[in-house]
Amino acid sequence: MSTASKGSIPQPLPVREGRTLLEPRPLTVKRGVNPHAPGSAHLIMGRTEIMATVSIQDKAAPHMRGSKEGWLTAEYSMLPRATTDRQARERNLQDGRRYEIQRLLGRALRASMDLRHFRNQTLYVDCDVLVADGGTRVASILAGHAALHDFCDRLIQKGQLTDWPIAHNVGAISVGLLRDEVRVDLDYAEDRVARADLNVVATDTGLIIEVQGGAEDGALTQEEYVRLLSTGAFAVQGVMADLTRQLSVIQGM
């Protein structure tokens with residue numbers, strides 16, 4: 001969406017309070033919050049809140065029968081009052097935006113796991129948006145990773161696994177271009193006026209898993225795109241360092 005029509009006076013950009021343009025919103029995570037789920041996490045990123053749970057089924061996904069690996073699938077939904085106006089409860093799995101986000105979550109979280117430990121089993125990661133203020137899909141990836149961490153740690157403690165099955169710490173961040181400013185981790189006010197935004201999924205070592213997004217108001221130069229991508233990949237490393245530190249503290253390590 002354009003911040004101003006041609007020939008008009010540009011509107012002021014949203015002001016950030018308490019953080020720099022390249023600084024993510026404050027992040028807190030608490031794991032083991034759902035007593036019924038074998039893995040769970042509640043994540044808050046700025047004013048965005050996500051609840052993630054992990055379930056396991058002793059049944060191979062149809063396309064994985066006979067494979068040496070298990071499978072992981074993800075689901076995403078937003079509560080009716082997660083936003084400023086009530087939205088109808090999401091009931092249709094084929095809803096375009098929801099389906100797109102679910103596929104992104106599944107690809108991101110599968111990239112983090114060594115699913116050979118779960119042969120003939122299927123992992124389900126459910127991410128529910130409790131409060132939305134921008135960045136719900138990247139926050140869901142972070143919450144899903146935290147819930148998987150909780151799930152795997154419990155399996156290790158119970159002696160049901162001997163090797164740690166998370167192969168890569170995978171996270172995500174949004175990065176946007178507001179006029180000529182690159183900003184990390186956009187909230188809703190920033191996202192709605194950005195002329196370009198990307199969701200960057202990467203490992204804590206900077207390896208790129210997936211990039212989603214693009215220009216919203218005119219084309220980007222290659223230099224601008226590369227700048228957004230490199231900024232996002234670097235920011236993911238910082239976010240994952242913070243998340244891993246919190247998970248370790250919660251774990252009592």
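**View A. The hairpin of strands E2 and E3.** Strands E2 (39-45) and E3 (48-57) form a hairpin with 2 residues between them. Gly46, in the turn, has a positive phi of about 65°. The model is predicted: local features need pLDDT of at least 70, side-chain atom pairs count only at pLDDT 80 or more, and totals for chains, interfaces and linings use all residues. Residues are numbered from 1 along each chain as its sequence is written, and side-chain values use heavy atoms, with hydrogens and water left out. Strands (E, at least two residues) and helices (H or I, at least four) are DSSP runs, numbered from the N terminus.

**View B. Strand E2 and its two neighbours.** E2 pairs with E1 in the antiparallel sense over 5 bridges, and with E3, also antiparallel, over 7 bridges. Two strands count as paired if DSSP finds at least two bridges between them. On the E3 side, Ala41 stands opposite Ala52. Of the 7 residues in E2, 5 are buried, and the strand is mostly covered. Buried means under 20% relative accessible area, exposed over 50%, and partly exposed in between (1.4 Å probe, protein chains only).

**View C. The salt bridge between Asp185 and Arg25.** The two side chains meet at 3.0 Å, N to O. A salt bridge is a side-chain nitrogen of Lys or Arg within 4 Å of a carboxyl oxygen of Asp or Glu, and a search of the whole structure finds 15 of them. Asp185 lies in the loop between strand E7 (181-184) and helix H3 (188-191), and Arg25 in the segment before strand E1 (27-31), so the pair ties together parts that are 160 residues apart in sequence. Both Asp185 and Arg25 are buried.

**View D. The salt bridge between Asp133 and Arg47.** Here the N to O distance is 3.2 Å. The pair links distant parts of the chain, 86 residues apart: Asp133 is in the loop between strand E5 (122-131) and helix H2 (136-157), and Arg47 is in the loop between E2 and E3. Asp133 counts as buried because its relative accessibility is 13%. Arg47, with a relative accessible area of 58%, is exposed.

**View E. The salt bridge between Arg195 and Asp180.** The closest N and O atoms of this pair are 3.7 Å apart. Arg195 sits in the loop between H3 and strand E8 (196-203) and Asp180 in the loop between strand E6 (170-178) and E7, so the bridge ties together parts that are 15 residues apart in sequence. Arg195 is buried at 16% relative accessibility, while Asp180 is exposed at 61%. Elsewhere, salt bridges that share partners join Arg16, Arg19, Glu181, Arg183 and Glu190 into one network.

**View F. Ser77 and Asp128.** Ser77 belongs to strand E4 (residues 71-78) and is buried, with a relative accessible area of 16%. Its side chain makes a polar contact with the side chain of Asp128 at 2.4 Å. A polar contact is a pair of N or O atoms within 3.5 Å; within protein, one must be able to donate a hydrogen and the other to accept it, and residues adjacent in sequence count only if both atoms are side-chain atoms.

**View G. Residues 169-231.** Over this range the chain is 22% helix and 46% strand, and the end C-alpha atoms are 18 Å apart. In an unreviewed entry, UniProt lists residues 24-151 and 169-231 for "domain: Exoribonuclease phosphorolytic". UniProt positions are given in the numbering used here, feature names are shortened, and annotations may be inferred rather than shown by experiment.
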